[in-house]
Amino acid sequence: MFRVLVTGAKGQVGSELVNLVPAGFTVIGLSSAQLDITDQDQVNVAVALHQPNLIINAAAYTAVDKAESDSDNAYAINEKAVAWLAQAAAHADIPLFHISTDYVFDGESTTPYKETDSINPQSVYGASKLAGEQMLAATHNKHIILRTSWVFSARGNNFVKTMLRLAKERDELSIVGDQHGCPTSATSIADILWKLAELYQQTDSLPWGIYNFSNSSACSWYEFAVEIFKQARESGFIPQTPTIKKITTADYPTPAVRPAFSVLDCSKLEKLLGQKIPEWKSELSTI
Ligand SMILES: NC(=O)c1ccc[n+]([C@@H]2O[C@H](COP(=O)([O-])OP(=O)(O)OC[C@H]3O[C@@H](n4cnc5c(N)ncnc54)[C@H](OP(=O)(O)O)[C@@H]3O)[C@@H](O)[C@H]2O)c1
């Protein structure tokens, strides 16, 4: 059996990784209570104890706005802890798959971002995630960095769950219409990480480096909300659709600056795996 240690196993992506483990793989999914990745000793003990063939780091500090006033913690989890994982993976000579974010970009582009485009994070969260990417790349060659965006799931905190809660509480909602990105289901991310793991298992190598991955088709938060309510209404999950007012980012100031455009070009990964990436609307209908 090919053994995979998953950190952050109770998060949106971590729990889907544990749910979707393919045949031939054994997953050791460790929650933050079972493995605090900021503790180097705990990381080393976990790797020595479980003897994985691969580590997938699904743990992260993901509170984008809170990070602006809590940067020490954001960097401890998103940068320093990645060093502990990378060092342990290098010592064991196994790959480390790590997840990063579209928020490493500044959003000034008008065409989808490629892996090689300039990075320029605008928030503490984005900067801490970029620092983690750089830490990993400098520490351990056998790595995959999967940059993803706008994650949603039936579990955890995300835009879909917030919209569904608000739809039951309010008749009218104001949603930002001038930020564009690609919603991505946690199940799609888990699925693609397992495909990469299978490829590694079969070939004993991978073209290491950074890959973009999001579900296909871009939209604004406003368009995302419209589709969430459409599907929720059709399935009878909400009794009626709230009125949605389209507003601008300036109308809805937040502590963290978010990129106005963070659409990812995923063609590098599509080419590697030889498959098309699913649409977010079809993924939304499955949660
Ligand atoms: N969510 C998004 O929209 C989004 C967008 C782009 C990229 N990403 C990236 O995608 C990845 C997965 O995100 P997600 O949405 O699944 O996040 P999530 O639901 O917030 O899960 C993150 C997990 O990390 C755990 N964690 C936090 N600190 C830890 C520590 N010190 N040691 C061990 N575990 C710790 C958390 O546990 P506790 O809850 O117990 O603290 C939580 O279970 C992350 O790398 C994130 O940066 C997310």
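The model is predicted, so local features need pLDDT of at least 70 and side-chain atom pairs count only at pLDDT 80 or more, while totals for chains, interfaces and linings use all residues. Residues are numbered from 1 along each chain as its sequence is written, and side-chain values use heavy atoms, without hydrogens or water.

**View 1. Phe-2 and Tyr-200 form an edge-to-face aromatic pair.** The ring centres are 6.0 Å apart, with 70° between the planes. Rings of Phe, Tyr and Trp (its six-membered ring) pair if their centres lie within 6.5 Å; edge-to-face means planes over 60 degrees apart. Phe-2 lies in strand S1 (residues 2-7) and Tyr-200 in helix H6 (residues 186-203), so the pair ties together parts 198 residues apart in sequence. Strands (E, at least two residues) and helices (H or I, at least four) are DSSP runs, numbered from the N terminus. The structure holds 14 aromatic pairs.

**View 2. Trp-150, Phe-152, Phe-159, Trp-221, Phe-224 and Trp-280 form one aromatic cluster.**

**View 3. Glu-133 is buried in helix H4 (residues 124-139).** Its relative accessible area is 3%. Leaving aside neighbours within four places in sequence, Glu-133 is in contact (heavy atoms within 4.5 Å) with Ser-100, Val-104, Ile-145, Arg-147 and Ile-210.

Notes: Phe/Tyr/Trp six-rings, centres within 6.5 Å; stacked < 30°, edge-to-face > 60°. Buried < 20%, exposed > 50% of the residue type's maximum accessible area, 1.4 Å probe, protein only.
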